[in-house]
Amino acid sequence: MGLVRYSRWASRLKTLNSQTKPLLSFSSSSSFSSATTAENENPGRPGPPPIRVALTESFGRGVFATRKIETGELIHTAKPVLSHPSLSTIHKVCYCCLRKLKTTDSSQAQRVSFCSDECQRQAKGFHDMEMRADWSAYDDYCRSRGLKYPLLVKRLACMVMSRAAFANLLDILQPASLSPEMIVEMEEGFGLLRSAFENSNITGEQMSFLTKQWYISVLARIRINAFRIELVGALYDDLLSSLAASIESEAAVGNAVYMLPSFYNHDCDPNAHIIWIENADARLKALRDVDEGEELRICYIDASMDHDARQSFLSHGFGFQCNCHRCLTGD
């Protein structure tokens, strides 16, 4: 495939001239940071990302550049608020950060592992609670239907019960539109999740938030805001090398939800790109020069697909029809 699928990304997009009202601007944060050092600040401390979240004319919230951003520049990084390995890699990656494990002990095949003491400490917010329940029926439900997002709901539920997160953690994110068939399938998953907790004697106040409405609402938000994590396994300073590595990376190691990256809107000819190097920490880089005030957009799908395939994938997978410049011209 090479770099063909990304070749169009080097072309300059038309600057968006819409008037926007800032919703969020960013200072240094543990959830996301920038590689750019703020002027007149401690030179050893990263400055805020050169972006703001604002309302767009027709796509709700979006992310906009607060200064000129150059091609290949690291815009910001982001840590997931929620992540889970895929069932096929669950014993091959860290159960917390999704980093690939250097070695796997076949004698521990039924247990999950962590890449460091720090990850094991961070996982206390969900792992102890998870270990109290039998997840075989829930995992079989996900595996037999090819579902990945219910695993993230399970993890969030365990975090809430452990008081490591609030039940409304994802309420700020846009939910997907759900068909009656989707809701029926989700209701089955909810029943299995709740039964797993009840069978492990977790009841009462700890489970008061875990209603069918909560489960479906969380899953609707995860459905269009989760990212498929594909690790490239090395640090690439060169933009084209990082794109090539992303193409050639192995299958996804898991899925994750982020706050700031979830505000990026889609474009089939984007000006920004998200990449994962060694773990679930996301890196957002510019694919071309971006002007101050211009909206930053990423591609939610494989940009090499033809027009009809992209429209079908976005409609069924994300619930919208793409009207970007590339789609409107039939490319």
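Here are some notes on the predicted model above, point by point.

1. Ground rules. Residues are numbered from 1 along each chain as its sequence is written, and side-chain values use heavy atoms, with hydrogens and water left out. Since this is a prediction, local features need pLDDT of at least 70 and side-chain atom pairs count only at pLDDT 80 or more, while totals for chains, interfaces and linings use all residues.

2. Overall make-up. The protein chain has nine helices and 12 strands; these are DSSP runs numbered from the N terminus (helices H or I, at least four residues; strands E, at least two). Of its 331 residues, 47% are buried, where buried means under 20% relative accessible area, exposed over 50%, and partly exposed in between (1.4 Å probe, protein chains only). Take the contacts (heavy atoms within 4.5 Å) between residues at least 6 apart in sequence: 71% of them join residues at least 24 apart. The chain exposes about 16600 Å², with carbon and sulfur atoms supplying 49% of that; the areas come from the Shrake-Rupley method with a 1.4 Å probe, and for residues only the protein chains shown count as cover.

3. Rings of Phe, Tyr and Trp (its six-membered ring) pair if their centres lie within 6.5 Å; planes under 30 degrees apart are stacked, over 60 edge-to-face, and the rest tilted. Trp135 and Tyr138 make an edge-to-face pair, 5.9 Å centre to centre with 65 degrees between the planes. Tyr138 also pairs with Tyr141, this time tilted, at 6.1 Å and 40 degrees. Both tyrosines sit in helix α3 (residues 136-145), three residues apart, about one turn of the helix. Ring pairs link Trp135, Tyr138, Tyr141 and Phe197 into a cluster.

4. Charges over rings. Here the rule is NZ of Lys or CZ of Arg within 6 Å of the ring centre and within 35 degrees of the ring normal. Lys154 lies over the face of Trp135, 5.1 Å from the ring centre. Arg155 does likewise with Tyr95, at 4.4 Å.

5. Arg155 again. Its side chain also meets that of Glu130 in a salt bridge (3.3 Å, N to O), one being defined as a side-chain nitrogen of Lys or Arg within 4 Å of a carboxyl oxygen of Asp or Glu. The pair links distant parts of the chain, with Arg155 in helix α4 (residues 149-161) and Glu130 in helix α2 (residues 127-130), 25 residues apart. Arg155 is buried at 1% relative accessibility, and Glu130 is buried at 0%.

6. Other salt bridges. The total is 17. Asp267 bridges to Arg297, with the closest N and O atoms 3.7 Å apart. Asp267 is in the loop between β9 (265-266) and β10, and Arg297 is in strand β12 (residues 295-298), so the pair ties together parts 30 residues apart in sequence. Arg297 also meets Glu295 in a salt bridge (3.2 Å, N to O), and both of those residues are buried. Elsewhere, salt bridges with shared partners join Lys68, Asp289 and Asp291 into one network.

7. Strand β11. Four of the five residues of β11 (residues 282-286) are buried, so the strand is largely enclosed by the rest of the structure. Strands pair if DSSP finds at least two bridges between them. Strand β5 (residues 74-78) pairs with β11 in the antiparallel sense over four bridges, with Leu74 partnering Lys285. Strand β10 (residues 272-276) also runs antiparallel to β11, joined by five bridges, and Trp276 has Ala282 as its bridge partner. A hairpin connects β10 to β11 through five residues.
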